[in-house]
Amino acid sequence: SNAVAGQSALDRMACGLGGKLVLPMIKEHIMQMLQNPDWKYRHAGLMALSAIGEGCHQQMEGILNEIVNFVLLFLQDPHPRVRYAACNAIGQMATDFAPGFQKKFHEKASTALLQTMEDQGNQRVQAHAAAALINFTEDCPKSLLIPYLDNLVKHLHSTMVIKLQELIQKGTKLVLEQVVTSIASVADTAEEKFVPYYDLFMPSLKHIVENAVQKELRLLRGKTIECISLIGLAVGKEKFMQDASDVMQLLLKTQTDFSDLEDDDPQISYMISAWARMCKILGKEFQQYLPVVMGPLMKTASIKPEVALLDTQDMENMSDDDGWEFVNLGDQQSFGIKTAGLEEKATACQMLVCYAKELKEGFVEYTEQVVKLMVPLLKFYFHDDILLMNSTSMPLLLECARVRGPEYLTQMWHFMCDALIKAIGTEPDSDVLSEIMHSFAKCIEVMGDGCLNNEHFEELGGILKGKLEEHFKNQELRQVKRQDEDYDEQVEESLQDEDDSDIYILTKVSDILHSIFSSYKEKVLPWFERLLPLIVNLICPHRPWPDRQWGLCIFDDIVEHCSPSSFKYAEYFLRPMVQSICDSSPEVRQAAAYGVGVMAQFGGDSYRPFCTEALPLLVRVIQSPDAKTKENVNATENCISAVGKIMKFKPDCVNVEEVLPHWLSWLPLHEDKEEAVHSFNYLCDLIESNNPIVLGPNNSNLPRIFGIIADGEIHEAIKHEDPCTKRLANVVRQVQTSGGLWTECISQLNADQQAAIQELLNSA
């Protein structure tokens, strides 16, 4: 229709020209239309407002309060089409401006939409209000939703009951379909807070799945299956188990009837997603259902799209309604692909990843057929999500296959490896490329030393060299564009996006090198030397801070995994690393401080003078007034950890007696979990060896130590399965045996800290 075409054109104009240009031109027209007595103008004005939100994001954000208050008035408009358009605008803004929209307008928007959902005379308005509520709750922070949960649930339940009756009596289903999805969205956001409302909804939802078997109710049934599985995931296994068996039987019955379902049946994609959620809820107990689930899932994941090479005349004869999309190849030729089934294929690939991740060795029976399906799809350029899922699956499938022994695992890896390396060299989309690189790095970590042969190393070295050279070249091109006469704020925004994308690829280069260094140790250094000049270039003082950060991270890995041989590169990185400890960028400081820590821990004797030189610089960072602010805390904690590592591994480089009381006063670490474990382990070493400085005269420091341990537990600085937790609990138990000292330690803790100490004792 003309209206839809106009809306799409407005959206493209806003995105293409930007809000700075479009909003001032269009705002005046929209305001006039919204005040027009003819409902068609008000409807068009609201739909136009919905269309420009994405493109005019920055400019509309400043006047959002005014816009939202105005739009909410139209939920009371006398004409239902205008009320519909107002719901559309609220839902679109809830998505375009999330989560800021939810934070500012949670009370107004949720109340108004719930009231509109009770517009019994207009099913389309009711349904669209429910759809807008879905947009609102999907991106609503849990803490904001909880105060309205009772009211939300009450309205949703009463509407569901009415609409269920209408379905039975009149066969109307439009509103019920949306309400069921709204319930699912609320449960998904509320998580465990939805438990009290579980019994209110589950019987009715099961009733719908059981009885809505007619062809015209397929979508409702699919959405209800989705709702049940999302509620189950939200409330958790313990609560859901009372219905798990019934739900599984209903799903199994539908699955058994799968052969009767038409290829375009909407239930198929809902079923596939529901099975994956059931897998997450039931864990290992889900394995028994795999024989039923895997057949249809593999069939959907194996869908081959129709493709065609057409001349312009043929293309014009095929309408978009046939589900074809075209790319113009020039010379009056176009490449066409029929998109029907691609979303379902992507969902199926996602579910296979979920099963591999959740069931691990329980999925081993299916790894071979899944690998044979997934690896060729690394060249499936028609759908990014399918490419992303395939690359994500590779390390997970290797983990599943590990149980079959090294020979089977190696065969599977050989089938994957070449395809992954080729994909890294040829994938044009940076988002997909970064995921493939990350996946390849994870695979190397799973397979370890010996997984790459000389040909692999040769090809990979050339590709990584090319990526780094491209990184520097792109930076130069962006600098040239900044000198261009057309350069403005919008161009800068676009250049910044390109820069972010390049940096993300650089992080993945670092991931791959990390996995190679950690697997191959110092024997891989001769191969690395072809990349060395480029990595050295990254840490030059004039480079942007992300370059220096990731360059230092790569040298950190070399020190950590390739010492003492790493010292032969000291002339390239030691001076920049020491100078970077006090860098203005917290990310660079963090990388430098981590480097000093691994020098002390793994570097060997050659690094002693540098540990001594670095110490006062680390202390300066730790003692700076803004050391614990949000942006600085990770760098600061790495500095504290590095000081601890110097005292532990290179005690002759530092006056331990002088530094130790200061180090103790900086604990606990809780933002950087890895470094927190190092620090707590060193603290345990000192306590277990009865270090007099740490314990203090007559154990006078023990209450302070209890406070450190309690705060670490409160901030979940150490996972309960970590051996360090047991060591800390033993320290506490030792004090527990001496009554007076225990009382003194506990009495100086607040209620939260006392509860944390108890939690630690219970868990270890």
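## A strand residue: Ala308

Strands here are DSSP runs of type E with at least two residues, numbered from the N terminus. In this predicted model, Ala308 lies in strand β1, which covers residues 307-311. Ala308 counts as buried because its relative accessibility is 19%, and buried means under 20% relative accessible area.

Leaving aside residues up to four places away in sequence, Ala308 touches Trp324, Ser334, Phe335 and Gly336. Val293, by contrast, is 15 residues apart from Ala308 along the chain, and the C-alpha atoms of the two are separated by 33 Å.

## A helix residue: Thr224

Thr224 belongs to helix α13, which is made up of residues 218-235, and with a relative accessibility of 0% this threonine counts as buried. The side chain of Thr224 reaches the backbone oxygen of Leu220 at 2.7 Å. When residues up to four places away in sequence are not counted, Thr224 touches Val180, Leu205, Ile208 and Val209.

A search of the whole structure for disulfides finds zero. Cys417 is accordingly in no disulfide, and the nearest cysteine sulfur, which belongs to Cys451, is 6.8 Å away. Cys417 itself is buried, at 0% relative accessibility.

What separates the sulfur of Cys611 from the closest cysteine sulfur, in Cys653? The distance is 5.3 Å, which is too far for a bond, because a disulfide requires a pair of cysteine sulfur atoms within 2.5 Å. Cys611 is also buried, with a relative accessible area of 0%.

Definitions and conventions. Residues are numbered from 1 along each chain as its sequence is written. This is a predicted model: local features need pLDDT of at least 70, side-chain atom pairs count only at pLDDT 80 or more; totals for chains, interfaces and linings use all residues. Side-chain values use heavy atoms; hydrogens and water are left out. Helices (H or I, at least four residues) and strands (E, at least two) are DSSP runs, numbered from the N terminus. Buried means under 20% relative accessible area, exposed over 50%, partly exposed in between (1.4 Å probe, protein chains only). Contact means heavy atoms within 4.5 Å. A polar contact is a pair of N or O atoms within 3.5 Å; within protein, one must be able to donate a hydrogen and the other to accept it, and residues adjacent in sequence count only if both atoms are side-chain atoms.
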